[in-house]
Amino acid sequence: MHILLTRPLEDCSEMILKFKSLGHQVSHIPLIDIEKVNYEEIKFSEYGGIIFTSANAVKYLNQNNIDKNIKCFCVGNFTEKKARSLGFQSTGAAEGNVSNLGEIMLQTYWTRITTFLWVSGEITSFDLEQQLLKEG
C-alpha cells in the first residue's frame, strides 16, 4: 500500500517508520505549517486541571511555571504521549475525539475539578467548553 502523510515531519516521523517497517511505501508531503501563537502569561495556580486538545498545543505551551502533577486530560494517545514526554505525570486520554473527551470528563472523577485551562490550536472543530457548560 502507498501511504501519503501530510503532517509536518516531527508529527509523523514515527508513523513513517512504522508503516515502512510493515512493508508500506510512504510519501511525505507536508501541507500545513504549525506555528506558536503568542499569548498572555498564564497563572497556572488558578486551574485545577488542563485540557489538551492538540499535541502541538502541549508542545508550544510555556511550561516554566507549571506543576507537572496537575491533572491533564488529552484528546488522544498521541497528545497524552507528548504531555508525558514533557514531564506531565497525571494524564488521561480519550480516543482522539474532542466530544468523547468531554463525555469522559463528565463521567469521571475529573468533574470534581472546578477550573480547567483549555489548551488547543487556534482553530477548533468542536466547542468543548459549550458541551461542558451545557452538562453543568
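Predicted model: local features only at pLDDT ≥ 70, side-chain atom pairs only at ≥ 80, totals over all residues.

Tutor: Residues are numbered from 1 along each chain as its sequence is written, and side-chain values use heavy atoms, with hydrogens and water left out.

Student: How many helices and strands does the protein chain have?

Tutor: Helices (H or I, at least four residues) and strands (E, at least two) are DSSP runs, numbered from the N terminus. Here there are 5 helices and 6 strands. Along the sequence they read β-α-β-β-α-β-α-β-α-β-α.

Student: What share of the residues is buried?

Tutor: Buried means under 20% relative accessible area, exposed over 50%, partly exposed in between (1.4 Å probe, protein chains only). Of the 136 residues in the protein chain, 35% are buried.

Student: Which residues of helix 3 are buried?

Tutor: Helix 3 spans residues 77-85, and its buried residues are T79, E80 and A83.

Student: Why do they lie on the same side of helix 3?

Tutor: Because they cover an arc of only 100 degrees around the axis. That arc is taken from the directions from the helix axis to the C-beta atoms. The face turned away from the buried side carries exposed N77 and S85.

Student: What covers the buried residues of helix 3?

Tutor: Look for contacts, meaning heavy atoms within 4.5 Å. The cover includes strand 3 (49-52), helix 2 (55-60), strand 4 (71-74) and strand 5 (90-93).

Student: What comes just after helix 3?

Tutor: G87, with a positive phi of about 105 degrees.
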